[in-house]
Amino acid sequence: MSNIPGTAAAPSPKSRIHGCLLGGALGDSLGYAVEFDSIAAIRSRFGPQGLQDFAALDGGSHFSDDTQMTLYTVDGLVEALEWANAGVGADANACVWLAYLRWLETQGVSAPDPAPRPQPRWIDRQPALRHRRAPGGACLSGLATGEMGTVYRPVNPDSKGCGTVMRSAPFGLVPHIPAESVYKLSADAASLTHGHPSARQSAGVFSLLIHSLVQGQGLLDAAQVAADHVRSDAEAAPELGERLSAALRLAGEATAPGTGTRGLLTPEDLVRELGEGWVAEEALAVGLYAVLATATGSPATGGSGAAPTPVEHFKAAIAVAVNHSGDSDSTASIAGNILGAYYGEACLPADWLEALEAPDVIRGMADQLVSVTTA
């Protein structure tokens, strides 16, 4: 399986930031329409191929807590970078925690009195973000303790839900910091709500993958960097390495010459091999597989045989990430984040963007991150 050629010119940092955040929101929104449905129910509602497009959704779809928390991650990072650009040191993880406490308020949950009361920011005034869209239990309960969870003082120590991974792409979008720092920032922020090693490490590895793409690496190379990081970490959760290795192997089989009719895994086999995506390492593996396995445009993957255009690749990957019996919005948001960071905005389908909820809010947060990182 080879790396996919990029667009004629490498995407600008601004295009990658916008592409990553909008791409994640598009995957999240399409997946949210069927998040709690089995593949049998999805096929019954949308036909044998499942849900392929926003046009099949009468009345459209909303994004979920995945996009909400991703945007609040952006806001926490922006605040930390605003302080840094002003010459004032700030604890980045504390800024992200304060942002998450403000998100918690939008969900109708108040932290106990000992917790700080953060000052409101632009993001808190956006009505589209003040809806309760099936937020993760560990995210709510971890923040509702009012304690700032850490690796050494974890909240929800046994939880490894995918609520860490689905919000962590923004850490990889910050340029000019070492890969090791990207991983640590993301893993530390995961500890704010989830204490299980796999939850932290999956978030860190996902951010590292996004970072590699932003630095100009190809899809397969970036995925290999993530897998190598896990293999080299003596403390890595074994299930994370197993799921990532399986995703790479199965995607390679789907795109190998002579694949014939095997092609993509069926939704049933996808769940059997990689999991449903409700926990962190499974969500990351499914999202990554969806991206890599649809990269060639071969007849076996539903393409014409030529390399897919960025838009074709995006649509094909999101379809794989959505159509299974599992956490469809999280797996599809991860796939959308990856492809948006790789291609930039060039991969985003125009008709899908027209169906997206509150694109001005997503672009507003993307612009804030651009302003503090590229000035």
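**View 1. Packing of helix α12 against helix α13.** In this predicted model, helix α12 (residues 280–293) packs with helix α13 (residues 310–322) at an angle of about 140°, their axes lying 8 Å apart. Helix α12 is therefore oblique to α13, a class left for angles that are not under 35 degrees (roughly parallel), over 145 (roughly antiparallel) or 65 to 115 (roughly perpendicular). The crossing of the two helices is right-handed. Y289, A290 and V291 of α12 meet H313, A317, V320 and A321 of α13, where contact means heavy atoms within 4.5 Å. By class, six of these residues are nonpolar, one is polar and none is charged.

View 2. H229 belongs to helix α9 (residues 219–232). With a relative accessible area of 25%, H229 is partly exposed, that is, between buried (under 20%) and exposed (over 50%), with a 1.4 Å probe and protein chains only. Neighbours within four places in sequence aside, H229 is in contact with Y183, V205 and L208. G241, twelve residues from H229 in sequence, is 9.4 Å away from C-alpha to C-alpha.

**View 3. Helix α16 and its buried residues.** The 15 residues of helix α16 (residues 359–373) reach 21 Å from first C-alpha to last, close to the 21 Å expected at 1.5 Å a residue. Buried residues of α16 include V361, I362, M365, L369 and V372. The buried residues of this helix pack against α1 (13–32) and α3 (65–85).

**Notes.** Residues are numbered from 1 along each chain as its sequence is written, and side-chain values use heavy atoms, without hydrogens or water. Local features need pLDDT of at least 70 and side-chain atom pairs pLDDT 80 or more, whereas totals for chains, interfaces and linings use all residues.

Notes. Axes are lines fitted to C-alpha atoms, for helices over the stretch in contact, and angles run from 0 to 180 degrees between N-to-C directions. Helices (H or I, at least four residues) and strands (E, at least two) are DSSP runs, numbered from the N terminus. A crossing is left-handed if the near helix is turned anticlockwise from the far one by less than a right angle, and right-handed if clockwise. Ala, Val, Leu, Ile, Met, Phe, Trp, Tyr, Cys and Pro count as nonpolar, Asp, Glu, Lys and Arg as charged, and the others, Gly among them, as polar. The expected span of a helix is 1.5 Å times one less than its number of residues.
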